[in-house]
Amino acid sequence: MDILFDETPAARQDVHACTGPGCHFCEWLDGRAAKRKATDAVRFDPRWRHEANEWRREHIGARVTADDLIDAIGLPDGSPNQIGALFRQWAHMFMCRQAGTVASGRASNHARRVIIWEVTA
């Protein structure tokens, strides 16, 4: 017999029909869980990731943005989500921490706010 109402959101990740405002699954997925899931789902370009790690090691103690990384080594092959996901992984491993925000200098970003990261390791 199927259980209709007692299923946890985690059990229903692959089958979701949003009920709109107040949807318990969307509430569960919002915030930290959504960021973690998105970061874990990114497939990294191994060459780009290696170059990004080398770049980070060269900038220990500096304040940087994703724009700085892109200017130095270019965009990764595949999804551009790799950039944010990598900074998030570095932060999770205490290799960098947020130090503020600044307007992006890249024309494609239309001056949106980007995070300033302090590289710690």
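**Overall architecture, pocket and salt bridges of the predicted model**

The secondary structure of the protein comprises five helices and three strands, where helices (H or I, at least four residues) and strands (E, at least two) are DSSP runs numbered from the N terminus. Followed along the sequence, these elements give the pattern α-α-α-β-α-α-β-β. The structure is a predicted model, in which local features need pLDDT of at least 70 and side-chain atom pairs count only at pLDDT 80 or more, while totals for chains, interfaces and linings use all residues. Residues are numbered from 1 along each chain as its sequence is written, and side-chain values use heavy atoms, with hydrogens and water left out.

Of the 121 residues of the protein, 29% count as buried, a class that means under 20% relative accessible area, with exposed meaning over 50% and partly exposed lying in between (1.4 Å probe, protein chains only). The accessible surface of the protein amounts to about 8,400 Å², and 54% of this surface belongs to carbon and sulfur atoms; the accessible areas come from the Shrake-Rupley method with a 1.4 Å probe, and for residues only the protein chains shown count as cover. Among the contacts in the protein with a separation of 6 or more, 53% are accounted for by residues 24 or more positions apart, a contact being defined by heavy atoms within 4.5 Å.

The largest pocket holds about 670 Å³ of space. It is lined by 26 residues, of which Asn-81, Ile-83, Gly-84, Ala-85 and Phe-87 are the closest to its centre. On a 1 Å grid over the protein atoms alone, a pocket is an open set of points where a 1.4 Å probe fits, with protein on both sides within 12 Å along at least five of seven lines, whereas a cavity is a set from which the probe cannot get out; lining residues have an atom within 4 Å of a point. Grid points are joined across faces, edges and corners, and the volume is the space filled by probe spheres set on the points. At least two residues of the lining of the largest pocket are supplied by each of α2 (32–41), α4 (66–73), α5 (81–92) and β3 (113–119), and the largest share, seven residues, comes from α5. By residue class, the lining of the largest pocket divides into 13 nonpolar, six polar and seven charged residues, with Ala, Val, Leu, Ile, Met, Phe, Trp, Tyr, Cys and Pro counted as nonpolar, Asp, Glu, Lys and Arg as charged, and the others, Gly among them, as polar.

Ala-85, one of the residues closest to the centre of the largest pocket, has its place in helix α5 and counts as buried at 6% relative accessibility. When residues up to four places away in sequence are not counted, Ala-85 touches Thr-39, Val-42 and Phe-44. Ala-85 and Thr-39 are 46 residues apart in sequence, yet their C-alpha atoms are 5.0 Å apart in space.

Five salt bridges are present in the structure, each defined as a side-chain nitrogen of Lys or Arg within 4 Å of a carboxyl oxygen of Asp or Glu. In one of them, the side chains of Glu-51 and Arg-47 meet at 2.9 Å, N to O; being four residues apart in helix α3 (residues 46–58), these two residues are separated by about one helical turn. Glu-51 is partly exposed, with a relative accessible area of 30%, and Arg-47 is likewise partly exposed, at 40%. Helix α3 also contains Glu-54 and Arg-57, which lie three residues apart, about one turn of the helix, and form a salt bridge whose closest N and O atoms are 2.8 Å apart. Both partners count as partly exposed, Glu-54 at 33% relative accessibility and Arg-57 at 44%.

A further salt bridge joins Glu-118 and Arg-97, with the closest N and O atoms 3.3 Å apart. Glu-118 lies in strand β3 and Arg-97 in strand β2 (residues 96–103), so this pair ties together parts that are 21 residues apart in sequence. Arg-97 is partly exposed, with a relative accessible area of 47%.

The loop between β2 and β3 contains His-110, a residue other than glycine whose phi is positive, near 55 degrees. His-110 is exposed, with a relative accessible area of 70%. Ala-111 is found in the loop between β2 and β3 and has a positive phi of about 60 degrees although it is not a glycine; Ala-111 is partly exposed, with a relative accessible area of 47%.
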